[in-house]
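Here are my notes for you to read with the model open beside them. Follow each point on screen as you go.

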Amino acid sequence: MRWSKTLHTTLRDEPQEAEIASHKLLIRAGYVRRVSGGLYTFTPFGVRVLRKVENIVREEMNRAGAHEILMPALQPIELWNISGRASQMGASMFSLKDRQNRTMVLGPTHEEVVTDYIAHEISSYRQLPCTVYQIQTKFRDEIRPRFGLMRAKEFIMKDAYSFDVSMEAADISYKAMYDAYVRIFERCGLDAKAVEADTGNIGGSHSHEFMVLAPSGEDGIINCSGCGYSANQERAERNTSGSEFSTKNGEPEDVPTPGARTVEEAAQAVGVSPEQIVKSLVYLADGKPVLAIVQGTREINECKLRRVLGCSILELADDETTVKHAGPVGSLGPAGVNLPIYADTGLKGARDVVTGANKEGFHTRHVSIEDSVTVKAWVDIATVVAGDNCPKCKEELSVQRGIEVGHVFKLGTKYSEVFDASFLSAERTSNVMVMGCYGIGVTRTMQAVIEQNFDENGIVWPASVSPYQVTLLELDAKKDENCRIVTENLEKELEENGIDVFVDDRDERPGVKFKDADLIGCTVRVVVGKRALEKGGVEVHIRKTGETRIIPLADVIPAIKKALAE
């Protein structure tokens, strides 16, 4: 392919709407163009990278024994009503009416459709195990689309679904997909880490996220260097043995704290550190109020709380609801509140702490939680932070940032039960299939590769997903016929050896061509110019290492093959 025959353009200035490096480079290097918030057109170069990522995914899915299918993006709402997820997804799901006035949705995922399909196709244990997958466009109405392809309203995802006869068999399918994901991300040139994760509204008993480590990542990853424990911050646990509080005994005493609504303001008014304050918040769990309490300097982890409560929808109560069911906002405390109270395990044994007094403008000090509060359950509901102790070996935990590129779930029978996806066993008894589901954000993976592979000059594509493996720069062609002939011969020879090549044949200054080649980021750059030819070869530059050498023409193809294989 030659530049003069393409639509390709690059930009010198950074796009104003782009916030992180990979987003800026996608636009500047000409891989995508913004249509509106969360919507992008992929250029011919962008499509080439996208297809290479898809092909890696497809090859590894097939290698793992999965069968490719294609389901409709448009789905009837009735399927989502059967699973109960229509209300869970809420406004994040695009919906519309067809001409018969039936409600349809644009699929954010396909558990409902695939389970309904399999329920009608499989009837015997002899047809199991079975894993199917598709690579298809998904739609989610993000509140705030950002970071380019990382959080978009329309994106391409590979979603796979396994169906098995038992939990033990499902574990084997889960492991096969887990291993396939490891291979996929390695082949894409990514440093990805599998961590324990929350199952969210997908459901199921267990899941792992595959995270690409990057400072720009939206997710926190908790790590233990002692035992290797690793989890998404939404899921991570901590060791809470040993009280962090005073062991003093004192009589509870109300203290005026006029105007104090935050932890810091209450601590200052009472004359204690913020660590001694107990934070109390009212939540609505599927519409029913509950009270959650945690140490004042910690945040309540709503994912953990939702799992503890077993609810589909968890939301923080507004001020009016809080006052109605518990007490005044800013002075709310757990003592005497007629609500189910869920206390973080870090408060176990807490004495001499300060809580809201449930009287406007007052807090109570010298409180013993276990003596003064009727706790329904002691549960781990705090967000883990750096410096907490590992739940397994008690070593200190650290935090990294990461980008989620893949997620694998053990679904169990959540969907197969409601869609009657059952089979006859060898004993002729009817059993419900056990499911797993497995997603990879293909477009997100494409951008994540850039986030881990760039420098001050532009993108540094791994050979496996580079739009073209070689950029061939034609210099001095108008001044020297030999340059043109060598370029054409080298282009032909590369293609005959199965190496995809992009020829920059523009009538531009060498400096412009060099800058664009670095910005676009193809794995190998080959320069055909008069000076190099006079030295007996062409200039070969490895984008990743920066190594540049003059290679004799007879040795160019072997040298390029070696560079692409490294």
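1. Let's begin with H6, whose buried residues are Ala169, Ala170, Ser173, Tyr174, Met177, Ala180, Tyr181, Ile184 and Phe185. Buried here means under 20% relative accessible area, exposed means over 50%, and partly exposed is in between, with a 1.4 Å probe and protein chains only. Seen down the axis of H6, the buried residues fall within an arc of 145°, so they line one face of the helix. That arc is taken from the directions from the helix axis to the C-beta atoms.

2. Before going on, a word about what you're looking at. This is a predicted model, in which local features need pLDDT of at least 70 and side-chain atom pairs count only at pLDDT 80 or more, while totals for chains, interfaces and linings use all residues. Residues are numbered from 1 along each chain as its sequence is written, and side-chain values use heavy atoms, with hydrogens and water left out.

3. Back to H6, this time for its length. The helix covers residues 167–187, and its 21 residues should span 30 Å at 1.5 Å a residue; the end C-alpha atoms are 30 Å apart, which agrees. The expected span is 1.5 Å times one less than the number of residues. Just after H6, Gly189 has a positive phi of about 80°.

4. Gly65 follows H2 with a positive phi, near 95°.

5. Now step back to the whole protein. It has 16 helices and 31 strands; helices (H or I, at least four residues) and strands (E, at least two) are DSSP runs, numbered from the N terminus. The C-alpha trace spans about 95 × 65 × 50 Å along its principal axes. Of the 566 residues, 53% count as buried. Among contacts between residues at least 6 apart in sequence, 70% join residues at least 24 apart, where contact means heavy atoms within 4.5 Å.

6. How is the protein divided? There is domain 1 (14–236 + 400–450), domain 2 (253–379) and domain 3 (468–565), with bounds from an automatic or database domain assignment. The centres of domain 1 and domain 2, taken over C-alpha atoms, are 37 Å apart. Between these two, 8 residues of domain 1 are in contact with 7 residues of domain 2.

7. S4 is joined to S6 (residues 103–106) by 3 bridges, and two strands count as paired if DSSP finds at least two bridges between them. Leu74 has Leu106 as its bridge partner in S6.

8. Have a look at two hairpins as well. S1 (residues 32–36) and S2 (residues 39–42) pair antiparallel over 4 bridges, and Gly38 in the turn has a positive phi of about 80°. In the hairpin of S30 and S31, with 5 residues between the strands, Gly546 takes a positive phi near 80°.

9. Most residues other than glycine have a negative phi, and most peptide bonds are trans. Lys394 is not a glycine, yet its phi is positive, about 70°; at 52% relative accessibility, Lys394 counts as exposed. Asp420 also has a positive phi, near 50°, and counts as exposed at 54%. The peptide bond from Leu128 to Pro129 is cis, with omega near 5°.
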